[in-house]
Amino acid sequence: MVTVDLHTHSRFFHGFSGRPTAFDPLGVRLLMAFAKWHDLDAVAVTNHDYYSQFDIDTGDVTVVPGIEISTTDGHVLVIGPNPPARTTAGTLTPEEAIDIAHDRGCAAIVAHPFRNSSVRKLDLPFDAYEVNGKRSVAIEHLQQLANSNGLPLVGGSDAHYPFEVGRAYTEIEVDEITPESVVDAVQDGRVEYQLNESLSTRLIGRLYKLIHQYKGHTSG
């Protein structure tokens, strides 16, 4: 088994266009440092509507390529060897995001299914649903959703701040960590989500619940 955080970001802030910035390499270095501290084997960097390669030394932690596509109905994680470099927020349908993912040898995962999203209601060939590290919905609802559609649950922290890495992560049954092996394991269901239930993590989770309520987001 290896441990992978399947949902992270390389910048601390929202509200900017989906494009690489000079800050991103530093953000990735910080992500990797905290991932190593939490004994994670790999991290998927899934920035909003853009993917870029980072030519930096990440030490013992493997970086898995990815992108978080802002579709017309919510967010979809595309993770694997060849995610698209750029997408335009709010233009692709979930079905188009899935087609892009599978055409590029990637997995298509519904991010935070119950938070400001209706993607979970669509009968489409997703590969998994996410247990999000900022979750405030009961895990029973996520499990029921996954069971009703015959799909696995995976874990991702949704970290924008590096200290959030590993709040939720995925145990994956592979012999070697590669983008291709991660995709195969997700699509074969050889995955199991895990949650970090430390006191600090629970306190942060309560804070995010208040933030999402303030923003008028549904939870999840």
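Tutor: In this predicted model, both Lys36 and Asp60 are exposed, and their side chains meet in a salt bridge with an N to O distance of 3.9 Å.

Student: Which parts of the chain does the pair of Lys36 and Asp60 tie together?

Tutor: A salt bridge needs a side-chain nitrogen within 4 Å of a carboxyl oxygen, and the pair of Lys36 and Asp60 has 3.9 Å from N to O. Because Lys36 lies in helix α1 and Asp60 in the loop between β2 (42-45) and β3 (62-70), the parts tied together are 24 residues apart in sequence: helix α1 and the β2-β3 loop.

Student: Are Arg115 and Asp158 buried or exposed?

Tutor: The side chains of Arg115 and Asp158 also meet in a salt bridge, at 3.4 Å from N to O. This pair links distant parts of the chain, with Arg115 in the loop between β5 (107-110) and β6 (128-132) and Asp158 in the loop between β7 (153-156) and β8 (168-172), 43 residues apart. As for their accessibility, both residues are buried.

Student: How many salt bridges does a search of the whole structure find?

Tutor: Besides the pairs above, Asp24 forms a salt bridge with Arg11, the closest N and O atoms being 3.8 Å apart. Asp24 and Arg11 are both buried. For the whole structure, the search gives a total of four.

Student: Is Ala146 buried or exposed?

Tutor: Ala146 lies in helix α3 (residues 139-149) and, leaving aside residues up to four places away in sequence, touches Tyr129, Leu151 and Leu153. Because its relative accessibility is 1%, Ala146 counts as buried.

Notes. Residues numbered from 1 in each chain as written. Predicted model: local features only at pLDDT ≥ 70, side-chain atom pairs only at ≥ 80, totals over all residues. Heavy atoms only, no water. Helix = DSSP H or I, 4+ residues; strand = E, 2+ residues; numbered from the N terminus. Buried < 20%, exposed > 50% of the residue type's maximum accessible area, 1.4 Å probe, protein only. Contact = heavy atoms within 4.5 Å.
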